[in-house]
Amino acid sequence: MENIICACGHSNPFGTKLCEKCGRPLTEEEKQNKVVDMRYDGTAIRSKTYNKSIVDKIWNFFSSVKVGIALIIITLIAASIGTLLPQEFYVKASDMEKGAYYEDVYGFVGKIYYTLGLSDLYSSWWFQILVGMLAVSIIVASLDRGIPLYKSLKNQRVKRHESFLKRQRIVAEGQITASPEETLSKVEKKMTEMKYIVRRDGSALLAEKGRFSRYGPYINHVGLIIFLTGVMLRLVPGFYVDESIWVREGETRAITGMDGYFIENRDFILETHDNAPQGEQLKQGVNVVAKNFQTDITLYKQPKDAIAGDTENLEKVRDYSIRVNHPLKEEGYALYQMDYRLNELKQMNFQLVNKSTEQSLGKVGIDLTNPKKEYDLGNGVSVKLLVYTPDFSGFENGVPQTATSVPNNPAFLFKMTTPETPKGETSFVAIKQTLEPLGENQYKMKFESVETRDMSGFTIRKDRTIPILFVGGIIFMIGVAIGSYWNHRRLWLQVEPDGHVLMAAHVNKNMFSMKKDLDAVTAFAGLPQYKDQLEPSEEGEESTNRGNTKKEGDNTL
Amino acid sequence: MSRGFINLEKKKKRLVTRTIILAILAIAIGYTVYGTATKEKVELVAVGSEAPNFTLVDLNGEKHKLSDYRGQGVFLNFWGTWCKPCEKEMPAMNSQYQVFKDLGVQTLAVNIAQTDLEVQNFVDKYDLTFPVVIDKTKSVMTAYNVDNLPATVLIDPDGKVVKITTGEMTEATIASYMELIKPK
């Protein structure tokens with residue numbers, strides 16, 4: 001890998017297309033071209049130059065724009081496949097039932113979709129690797145192109161070789177009658193007026209404007225990488241919390257994801273509009289419209305150094321009413337009112353009655369959150385609670401079973417003792433079901449009433465990555481704007497002492513406004529008429545021809 | 001010739017820079033994939049880290065603080081009466097507790113927020129002799145990030161988590177786990 005020594009004596013890195021110093025084309029290919037490729041100002045794209053070690057090979061792979069585009073297309077296709085059916089996250093089924101859910105709802109296609117893991121595509125390892133590779137490609141390709149481009153633009157000379165100028169898209173050549181110095185000064189004046197930065201070196205002049213627009217794509221890549229970093233940081237403990245909990249009225253429980261904090265649900269309130277249904281409401285068969293979902297809570301915090309389970313010295317932080325769109329905010333966390341369940345059983349009241357006389361021996365109220373072993377009704381009357389199952393699901397070997405710990409279907413095995421039945425009678429009582437397993441009883445537990453309580457579902461969120469995502473997004477947009485709405489315009493002018501003029505211009509996009517500037521300076525300084533080498537010649541009408549139907553040379557990079 | 005030397009230096013520098021950049025990116029991707037893969041799983045406290053300290057009250061009103069068992073292995077089991085596999089492994093845990101309690105392995109069963117009556121009935125039914133505490137506020141459950149029951153955390157005499165296991169255990173497995181955290 002030898003350096004290329006240009007005719008001007010400058011040593012260029014291998015792979016350079018246009019000499020860094022004078023701009024002479026260095027490769028055969030460039031020499032053949034009528035108009036040079038100015039995308040990276042002719043600098044060597046580094047990746048294309050060294051290909052020896054494995055690191056270089058990996059680097060070069062990611063540096064390729066083709067690879068980058070392929071990755072973008074693959075990622076887009078994969079991401080769109082994920083939108084065909086709802087992702088698992090949005091499916092209301094437990095982990096075990098998800099496969100069955102997809103098959104039931106979407107048939108065979110759903111089964112395949114689930115089996116292939118497409119139902120959780122965005123968290124799949126291969127999708128993440130794909131996005132990761134895209135990030136690597138963005139970084140490597142940008143470094144490989146951005147840095148040489150920056151160096152090249154920073155170090156560019158005013159004086160360029162004739163062959164460089166003549167290979168630009170816009171070229172003008174001719175003879176002037178005014179003095180060279182006067183022409184150069186006039187051009188300098190006009191270009192400065194048009195906000196160009198003008199540099200002069202002897203008989204050469206370089207006017208430049210909007211160089212920063214060349215960095216637009218790199219700036220938006222930086223934004224993109226910051227954004228992806230933010231998304232990645234969600235996995236780092238402490239950056240992102242998204243949990244949910246259920247809290248029943250009267251209950252105090254630890255808040256998942258929020259260490260050391262406890263929440264007490266004091267009251268859940270559901271308010272509805274009490275209007276008589278009318279209009280659209282009636283048409284759609286909606287009976288009541290909710291006005292407010294609210295949970296009055298008290299937030300507690302454990303004292304410092306307290307350990308889990310130690311709820312003796314909870315410090316009250318504050319009372320608050322969590323309503324929809326009015327989350328409780330504390331230390332970067334937000335608790336949202338997300339869900340509710342009304343009327344969960346809290347207490348069941350029974351009467352102990354004589355089956356034949358219907359006479360009551362007393363009332364037994366069973367608090368389902370803390371059932372007692374024995375309820376003494378006095379006068380030798382007592383009810384023992386032998387077994388309590390909150391969610392009765394049937395018998396197994398004669399023993400009542402519970403499906404969950406939630407009182408959805410409470411069942412009780414009572415032993416009733418009265419002066420008449422001193423040995424006690426056993427009765428199994430569930431909702432709409434009474435069994436007398438040990439023979440006919442004289443007494444029964446007559447169901448009287450229930451007391452219920454509501455339950456609130458909260459979501460706990462913390463997202464420290466939002467500012468990062470925000471910054472990334474803004475930088476991305478700035479980069480896009482810079483690259484889209486500004487353009488890099490350059491004008492080279494060389495006036496020999498004998499009045500021979502060579503002018504060339506380059507713009508990375510928006511040739512139209514470049515030509516406008518050129519028309520202005522040409523008229524002002526009396527320069528020869530320029531020619532657009534990419535435009536089919538139209539009988540010398542170039543300067544007046546504004547109906548340019550061809551797409552302007554858009555070189556975004 | 002000094003130019004060639006400089007070039008060699010440059011190449012070396014470039015190789016190092018490229019290697020560093022690629023390595024950082026590879027680590028970031030690896031972390032992301034690993035992080036996502038393990039996020040959804042029942043990831044309790046990390047193995048090798050210190051077991052979060054807690055204090056809970058048992059059915060007899062006695063306080064049990066994890067740090068008080070420093071010097072002994074702790075077989076920490078999370079359970080509920082509605083959980084069938086929990087129920088099945090209880091008698092085996094009970095008999096292994098009898099074997100290992102004099103060898104310095106304490107068994108502690110943490111019930112998830114059930115009523116005293118249910119838990120007491122359950123304890124009586126299986127004659128459980130090890131302490132059974134109730135996590136009324138689900139505070140310990142939250143600290144240990146317990147999701148599925150039964151979950152068992154093995155804590156060595158130094159208070160470090162040695163192993164985490166979810167699902168039903170056989171008596172032989174329980175014995176081998178207790179052996180694992182027995183003080184040397």
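1. UniProt, in an unreviewed entry, annotates residues 65–421 and 427–518 of chain A as "domain: ResB-like". The model itself is predicted.

2. Under "transmembrane region", the unreviewed UniProt entry lists residues 58–81, 125–143, 218–240 and 466–486 of chain A. Two of these can be checked against the model's secondary structure. Residues 125–143 of chain A are 100% helix and 0% strand, with 27 Å between the end C-alpha atoms. Residues 466–486 of chain A are 95% helix, again with 0% strand. Their end C-alpha atoms lie 29 Å apart.

3. Chain B is split into domain 1 (1–41) and domain 2 (55–180). The C-alpha centres of these two domains of chain B are 47 Å apart.

4. Now the interface. On the chain B side, 43 residues are in contact with 58 residues of chain A. The two chains bury about 4000 Å² between them. Carbon and sulfur atoms carry 63% of that area.

5. Which side chains meet in a salt bridge? B:Arg18 and A:Asp56 do, at 2.8 Å from N to O. The count between chain B and chain A is 1 salt bridge. The rule also finds 6 residue pairs in polar contact across this interface, both partners at pLDDT 80 or more.

6. Which elements of chain B supply two or more residues to the side that touches chain A? They are helix H1 (2–39), strand E1 (55–57), strand E2 (63–65), helix H2 (84–100), helix H3 (116–126) and helix H4 (139–143). H1(B) makes the largest contribution to that side, with 18 residues. By class, the side of chain B that touches chain A has 14 nonpolar, 15 polar and 14 charged residues.

Notes:
Residues numbered from 1 in each chain as written. Chains lettered and ligands numbered in written order. Predicted model: local features only at pLDDT ≥ 70, side-chain atom pairs only at ≥ 80, totals over all residues. Heavy atoms only, no water. Contact = heavy atoms within 4.5 Å. Buried area = accessible area lost by both parts, 1.4 Å probe. Salt bridge = Lys/Arg side-chain N within 4 Å of Asp/Glu carboxyl O. Polar contact = N/O pair within 3.5 Å; in protein donor to acceptor, adjacent residues only side chain to side chain. Helix = DSSP H or I, 4+ residues; strand = E, 2+ residues; numbered from the N terminus. Nonpolar A, V, L, I, M, F, W, Y, C, P; charged D, E, K, R; others polar. UniProt positions renumbered as here; feature names shortened; annotations may be inferred. Domains from an automatic or database assignment.
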